[in-house]
Amino acid sequence: MKKLLSVLLAGGLLFAASSIAPAAEVKPTVVWEDPAGDADLGQGLGQSIPGGWDLVSGTIQRVGADIQFTVTHADMPPVGSMPEATRFLWNFNVNKTPYRITAKSADIGKPDVIAGGTGQERVGHVDTAGHFRIEGECITDQTLPVGQVNCPVVGYVTGTWDPASMSFTVVVPMKLIKAKPGSSIIGGGSQICTICWVSHYAERSLSTTIIDTTAQVVTYKIPK
């Protein structure tokens, strides 16, 4: 009887241990791809301009309470280079709610006068290791000689810029974009592009040059 009890207890402990084992990490899902060698200022030249900005793929992954968006390039500018010269945009919807990622290799933190104060809280702040923010639904304003698009800031988020792997990752808290397990992250629309690197003549100008562009074609459903 004692031997049987020992076996049952051991089995119970093994079952308990297996039931609390951590779940396997969910791998990133590739949601878009783009041919290498086409970052050519929209001229269709078949080869990238010097210096990078050549998109090749994007992935989405849930990590705990965050969603990680990773963008990989065939060639990309080094971190901190050409501050305020270029920016990356990724428009997406969480179910039906539109959002936009804006990322830059560096940012000098200036007020946005045209947007009516959007971003004022960052005046004087400098991001030299990469700048990442989440914006809400964009509104086009054509009342000025140069058309403007105002995308109100939802929040500034963290990220990593990794020239060694030709990629950067934006870490977005799920609660910031009102996402939860089962929510769908779908490719969104935009006045400028869906996903692209663009010149940065003015923070929210529609009169900008697209360097490389693509679109999210795969819907990502947030796992439990």
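Cysteine 193 and cysteine 196 are both buried in this predicted model, and the two residues are joined to each other in a disulfide. A search of the whole structure finds one disulfide. The points below take up that bond and then the pairing of strands.

**The disulfide**
- The sulfur atoms of cysteine 193 and cysteine 196 lie 1.9 Å apart, which is within the 2.5 Å that defines a disulfide.
- Because the torsion about the S-S bond of cysteine 193 and cysteine 196 is about -70 degrees, this disulfide is left-handed.

**Strand 12 and its partners**
- Strand 12, covering residues 184–187, runs antiparallel to strand 4, residues 86–94, and three bridges join the two; phenylalanine 92 has glycine 187 in strand 12 as its bridge partner.
- Strand 12 also pairs with strand 15, residues 220–221, in the antiparallel sense over two bridges, and here serine 184 has lysine 221 of strand 15 as its bridge partner.

- Five strands form an open sheet in the order 1-2-3-11-10, with antiparallel pairing; its edges are strand 1 (29–33) and strand 10 (158–162), each of which pairs on one side only.
- On average, and with direction ignored, neighbouring strands of this sheet are turned by 15 degrees against each other.
- At one edge of the sheet, strand 1 pairs with strand 2, residues 54–63, in the antiparallel sense over four bridges, and valine 30 finds its bridge partner in threonine 59 of strand 2.
- As a general point, side chains in a regular strand alternate between the two faces of the sheet.

Notes: Residues numbered from 1 in each chain as written. Predicted model: local features only at pLDDT ≥ 70, side-chain atom pairs only at ≥ 80, totals over all residues. Heavy atoms only, no water. Buried < 20%, exposed > 50% of the residue type's maximum accessible area, 1.4 Å probe, protein only. Pairing = 2+ DSSP bridges. Axes fitted to C-alpha atoms, helices over the stretch in contact; angles between N-to-C directions.
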